Amino acid sequence: MPYTHCYTRDYIRNHTEDHPDAYIRDINQWKALRDIGTGGVLHADRINFALNYHAQLVFILAKLPPDIDLEFSYAHAFASSPSSLPVTLRSIAFERASVLFNIAALYSQLAASEDRSSQDGLKRASAYYQNAAGVLAFLSESALPKLGPFVDSENTPSDLTENFVKSLEWLMLAQAQECVWQRAVADHYKNSLIAKLAAKVSSLYNTSLLSIRLAAADTCDALPPNWIPHLETKHYHFNAASQYRKGIDELEASRYGNEIQRLMIAEADAKKAFNIAKRAGVAQAVISDVKSLLDIVQKNLSRAERDNDLIYHENVPAPSSIPAIQEVSMVQTIIPPGLRDPKSVVGDDSIIFGEMLGWGAREAINIYNDNKGNLLQEKIVEPAQNFNDEADKILQSLNLPSSLEALERPIGLPPSLLRKAEEIRLEQGPTKIDVYLDDVQRLSRHVLGILDEAMDILDSEASEDEAARRETPMNRPPSHEANQELVIKQQRYRTILTQAAESDELVRRKWEEWEDQISELTRDKDELEALVPSSTVSMTGKAVSTSQTQIHARTLRGLLESLDDIRRTRDDLVIRARRRVENDDIRSKVLAAAGNLKYGIEMSAVTFEDVSDNELAKYDKFIQGLTEGRKKQEEIISSIKSTNDVFIQSRKQDPAVKDREQALQFLDLAYSHYREIIRNLDEGLKFYNDMAGILTNFKEACKIWSSARSREARLLHRNMASLSIRDNASDESHEVPVSTTSPPRTDTRKMTAADWEAQELAPPPTKRTEKTTKHR
């Protein structure tokens with residue numbers, strides 16, 4: 001596992017607040033434990049090493065996510081040759097599942113190594129098989145579901161699928177029950193009990209057979225050719241043995257007709273078992289057992305039929321009319337305590353990454369920070385800006401406050417306009433916009449270039465793939481099929497960038513349209529006053545009219561000031577919300593929640609969802625404040641509209657006043673467009689900076705995918721070359737090659753017709769650990 005140190009350090013450096021040097025001891029301990037926990041000779045002590053390593057993996061997965069870019073490689077459990085391609089996945093969850101599989105295989109191998117000619121050996125073998133079944137059950141319920149979210153169904157190893165693992169679990173129980181049956185035979189238990197024990201053995205083998213048939217086709221294809229026939233043979237063999245023993249029980253109870261029928265059923269099943277075993281090349285010991293059983297059944301059937309014809313004259317009932325044999329199970333799945341309670345295996349002081357904050361907690365903090373930022377932007381900042389824009393548009397349509405200021409100040413400039421002009425001058429508005437436009441265009445080209453580079457990587461890999469296919473036939477999808485997901489994602493990104501470019505062009509055209517007017521606002525006060533015509537309000541009209549105009553003007557001014565108060569309150573609310581977000585740290589609450597959970601439990605961000613929801617609730621008051629402010633704004637704007645109508649009707653229609661109103665309104669609109677353009681450009685800069693990060697990650701993903709494909713192609717080429725060399729060597733040799741493969745079996749004593757001892761299927765081979773590497 002040479003890359004563990006490097007890439008675990010990289011993950012800690014890039015994704016946690018800790019310094020990687022603080023965990024050098026932990027990383028070295030991980031590597032050492034893996035070397036011990038996944039290797040060694042067949043011995044009971046290896047169980048403890050493997051359980052210890054599994055326990056540490058549980059704690060590691062509580063601190064690190066399954067995918068930290070560290071690859072784990074295992075050969076398929078039933079790989080036909082050492083040169084078979086290993087399964088390589090960037091998943092610690094895959095490592096844990098494979099370790100559990102190997103623990104089950106180790107228990108099975110220990111069971112198979114026991115001396116089954118002794119009662120103690122049978123007892124230990126049965127216990128080991130039940131432990132193997134327990135580990136497989138634990139693998140199925142605990143590890144496989146956690147493997148799924150990080151490994152898609154196409155890449156899931158076929159020997160780690162639900163149906164296959166359950167089939168092995170039932171197989172282990174069948175072999176454990178078989179040991180119990182064998183002890184009962186050796187101790188000369190009653191035939192009725194032996195029949196019930198054998199019936200359960202047959203049932204368990206059949207359940208294992210049904211499970212494997214539910215597995216995917218590639219899973220079945222990977223099995224040794226005599227695996228499924230072996231299960232079928234065992235199923236029929238023990239059903240025949242059960243009926244035979246029950247037939248003896250029927251004879252002892254003087255039920256001669258029932259005895260004959262059971263012997264007939266036993267004969268039929270024994271023949272099926274024998275035919276399947278012979279045809280499929282099942283282990284010779286198993287064939288001998290079945291043949292011995294068939295011979296003795298046929299011998300007893302001949303004797304029973306002869307005695308019945310000459311002496312008893314009983315009717316032989318139909319098969320459906322005789323009672324079914326009740327199954328008796330003496331075995332169960334036994335999960336080693338160290339799997340349920342990993343802390344009991346490693347203790348408190350040697351837990352790897354024990355001081356590190358769990359990745360689920362870190363992810364929960366990161367998600368909360370993202371959520372609060374999104375909430376601030378989407379529920380507070382943007383609505384507040386929309387409410388302000390809505391009020392500005394309505395006031396502009398009513399020519400306010402320009403019409404009021406033209407009446408109140410017939411000469412000079414309104415203070416509000418002077419403040420706006422000063423703001424643009426201080427910001428060097430036109431220059432600022434030009435710089436922003438250039439920056440947006442530059443960033444747009446940059447992110448598009450990153451996307452093009454990512455596609456160049458995929459195109460280069462496709463060219464390599466085509467060249468490799470011309471040299472070596474490859475049983476894998478061509479590049480244009482394998483990279484579909486990446487290409488679709490690229491198309492989506494390109495569409496987003498195209499839409500962004502269209503938005504950029506709209507902003508540029510808006511600037512070109514309003515550039516001159518916005519530039520006017522950079523003039524000094526005297527030059528601005530020269531741009532706005534002066535007016536004098538004629539006071540020769542009727543006193544009532546003038547008085548009414550002034551009354552409406554004062555009312556209108558009061559309403560506009562009330563609207564400004566609402567805007568200031570709204571802006572202050574946004575400022576307070578921003579300050580709250582900046583100071584809002586959920587870390588202590590997440591740590592407190594994590595402390596209340598069971599130590600070592602694999603925590604995800606979902607675990608802390610309640611904490612996150614409770615903390616986000618404190619922003620509800622800001623959202624409520626915006627809602628109340630909008631309601632007041634709508635009421636005031638309604639009053640402004642009605643008051644403005646009567647103000648216009650009562651106002652003296654002086655052309656000079658109208659010209660001044662239009663000039664002031666035009667400058668006010670120029671300021672509004674300036675602020676809108678700046679806001680659009682700020683959003684554009686943020687968008688392109690965010691996209692640069694996203695597309696850089698996408699480009700890196702394309703590199704990783706392309707490197708994996710290239711490495712796979714090289715491995716396939718080497719395998720094909722080695723096969724070609726071996727084929728040439730075989731052609732040059734004049735000797736007939738002798739098969740080195742034999743049916744899976746273990747060494748046990750030879751069986752006799754007296755007890756029909758069963759030959760169990762060899763334990764599933766341990767998944768070979770390959771060199772663990774990090775994808776470059």
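The model is predicted, so local features are given where pLDDT is at least 70 and side-chain atom pairs where it is 80 or more, while totals for chains, interfaces and linings use all residues. Residues are numbered from 1 along each chain as its sequence is written, and side-chain values use heavy atoms, without hydrogens or water.

Helix α9 covers residues 227-252, helices being DSSP runs of H or I with at least four residues, numbered from the N terminus. Its 26 residues should span 38 Å at 1.5 Å a residue, and the end C-alpha atoms of α9, at 38 Å apart, agree with this. The expected span is 1.5 Å times one less than the number of residues. Of the 26 residues of α9, 21 are buried, so the helix is largely enclosed by the rest of the structure; buried means under 20% relative accessible area, with a 1.4 Å probe and protein chains only. Just after α9, serine 254 has a positive phi of about 65 degrees.

The axes of α9 and α10 (residues 256-280) come within 8 Å and cross at roughly 160 degrees. Axes are lines fitted to C-alpha atoms over the stretch in contact, with angles from 0 to 180 degrees between N-to-C directions. The two helices α9 and α10 are therefore roughly antiparallel, a term for angles over 145 degrees.

The axes of α7 (residues 191-214) and α9 also come within 8 Å, crossing at roughly 160 degrees. Helix α7 is therefore roughly antiparallel to α9.

How values were computed. Angles under 35 degrees count as roughly parallel, over 145 as roughly antiparallel, 65 to 115 as roughly perpendicular and the rest as oblique. Buried means under 20% relative accessible area, exposed over 50%, partly exposed in between (1.4 Å probe, protein chains only).
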